[in-house]
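Here is my note on the model shown below. Please read it with the structure open.

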Amino acid sequence: MLDFRDVGADLEGYRAKLSRRPGFDDAVLDAVTALWTRRSDAIGRTQRLQEEKNTQGKAMKVLFQKGTDEEKAQARVAQRELSQAIKDADAEVLAVEGELVSLMLEIPNVPHPSVPEGDGEDDNKEVRQWGTKPSFTFTPKDHVTLGEGLGMLDFERAAKLAGARFVVEYDDLARMERALAAFMLDTHVREHGYREVAVPYLVNSTALTGTGQLPKFEEDQFRVPFSEATDYWLVPTAEVPVTNLYHDQILGPEDPSLPHAYCAHTPCFRKEAGSAGRDTRGLIRLHQFNKVELVRFEHPDRSYQALDELVDHAENILKKLELHYRVMLLCTGDISSNAAKCYDLEVWLPGQNRYREISSCSNFEAFQARRAKIRFKEEKKGKPRLLHTLNGSGLAIGRTLVALLEQHQLADGSIRIPKVLRPYMGGTEVVNSRL
RNA sequence: GGACGGAUGGCCGAGUGGCUUAAGGCGCUGGUUUGCUAAACCAGUGUACUCGCAAGGGUACCGAGGGUUCGAAUCCCUCUCCGUCCGCCA
């Protein structure tokens with residue numbers, strides 16, 4: 001969320017910056033400015049009425065001891081009228097503010113100047129590549145063929161249990177989900193300095209609003225209809241519970257200094273409402289998948305440096321797993337609504353002959369911090385400022401499994417396990433079929 | 001699921017309708033005194049909104065939301081969270 005004061009103070013500046021996003025309708029900005037004025041007027045009125053009522057109220061006690069019955073009655077009527085007037089003015093403030101906030105919640109973040117313009121995916125800029133495409137002396141299979149060939153991926157039974165877009169894994173591939181999570185967490189904790197955290201997989205709508213999934217993307221979220229009164233949603237990513245750890249908090253100078261960096265492993269649940277028919281084969285787009293997520297709370301002055309570090313930490317996992325990938329800088333047409341700047345890591349999938357997103361690393365600047373009220377003070381008496389939040393996948397585990405299967409496949413359909421993962425796989429070097 | 005008890009500033013804690021502009025203490029910051037440190041003393045110490053060029057005002061906030069009243073931290077209702085016990089349970 002942007003600050004409507006900033007928008008009102010520099011309407012044309014924001015119009016220009018936000019118009020870099022294709023499809024942004026700037027009419028909403030004029031509505032915001034109009035509401036802002038109405039809000040200020042209404043607040044001014046309420047406060048003047050309050051002041052008057054307080055002044056009169058202080059005189060009441062004396063009056064009730066010494067005044068005549070008639071004076072008392074008059075004062076009572078006057079106060080009652082003031083109370084009513086305050087109530088009315090308050091109601092207007094609330095109504096206008098409600099409208100204003102609901103508009104603000106829908107306005108996307110301002111893209112950083114370094115974000116290239118573009119209409120969509122094809123306009124993203126490749127920043128660098130790491131490694132080379134593996135070459136095969138045979139035609140590489142895709143992960144579904146490989147996994148089913150090993151007898152370790154089972155989409156039919158998953159469909160029986162839950163429906164489309166779920167998977168059942170067995171044996172070494174089931175173990176590899178666990179191994180990858182442990183390997184990634186260990187690396188981020190030991191080598192990159194993140195603090196490991198285990199969080200709830202159900203969150204409330206306040207948390208989802210704080211990180212920006214609500215209200216705009218409600219159709220992507222799984223709501224748990226536990227009862228009328230409860231407000232439970234399955235987490236779409238650990239970003240939500242982890243970022244909201246600091247909800248409504250002011251970090252003081254006595255707190256361990258910024259940055260605060262966390263990593264968490266959770267399943268992620270997504271409706272994939274808008275992607276019917278897309279990526280229906282395999283592990284690429286499921287309703288449930290595992291992910292290790294990195295979340296950072298940063299001083300505004302160094303959040304872009306932190307973004308580079310974050311990308312590096314995610315890349316490091318791919319390097320250790322010996323997976324060829326490229327780094328893409330997303331353009332204004334492909335970047336998410338919350339992010340100011342975003343890099344995607346795209347891993348090479350020989351079975352599909354294309355790169356696929358395996359991590360998305362974003363700087364949200366103050367966009368989430370303003371929604372979730374996350375602030376810090378540099379000095380004890382200083383003014384609280386919004387800090388910057390960042391997060392990135394480190395990495396999506398299901399897609400990592402896909403990449404391992406496809407890039408490290410051998411001619412007979414078995415899979416070579418990269419060295420760093422072997423300790424987590426009981427020393428196994430190759431995944432072989434048990435069939 | 002049942003019963004009872006709680007929720008007040010950074011922390012502890014007083015407060016049963018107007019003397020609260022939230023006492024008092026701790027902590028913290030600045031100052032005075034002072035070989036150093038400590039102590040003592042003095043002053044300050046939240047958040048949001050709002051008016052103002054500024055200095056500096058004003059308004060709201062005692063878990064949340066409603067209600068009663070001229071007036072609510074205080075009385076009433078609903079909810080949330082925490083604690084203790086009982087039942088059920090991985």
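1. Helices (H or I, at least four residues) and strands (E, at least two) are DSSP runs, numbered from the N terminus. A pocket is found on a 1 Å grid over the protein atoms alone: an open set of points where a 1.4 Å probe fits, with protein on both sides within 12 Å along at least five of seven lines. Lining residues have an atom within 4 Å of a point.

2. This is a predicted model: local features need pLDDT of at least 70, side-chain atom pairs count only at pLDDT 80 or more, and totals for chains, interfaces and linings use all residues. Residues are numbered from 1 along each chain as its sequence is written, chains are lettered from A in the order in which they are written, and side-chain values use heavy atoms, without hydrogens or water.

3. The second largest pocket has 20 lining residues. Nearest its centre lie Met1, Arg5, Arg370, Arg371 and Lys373. Helices H1 (4-9), H4 (69-106), H8 (205-211) and H11 (367-372) each give two or more residues to this lining. H4 gives the most, with four.

4. Chain A is divided into domain 1 (4-104) and domain 2 (121-431), with bounds from an automatic or database domain assignment. Each domain supplies at least three residues to the lining of the second largest pocket.

5. How far apart are the centres of domain 1 and domain 2? Taken over C-alpha atoms, 43 Å separate them. Four residues of domain 1 are in contact (heavy atoms within 4.5 Å) with seven residues of domain 2.
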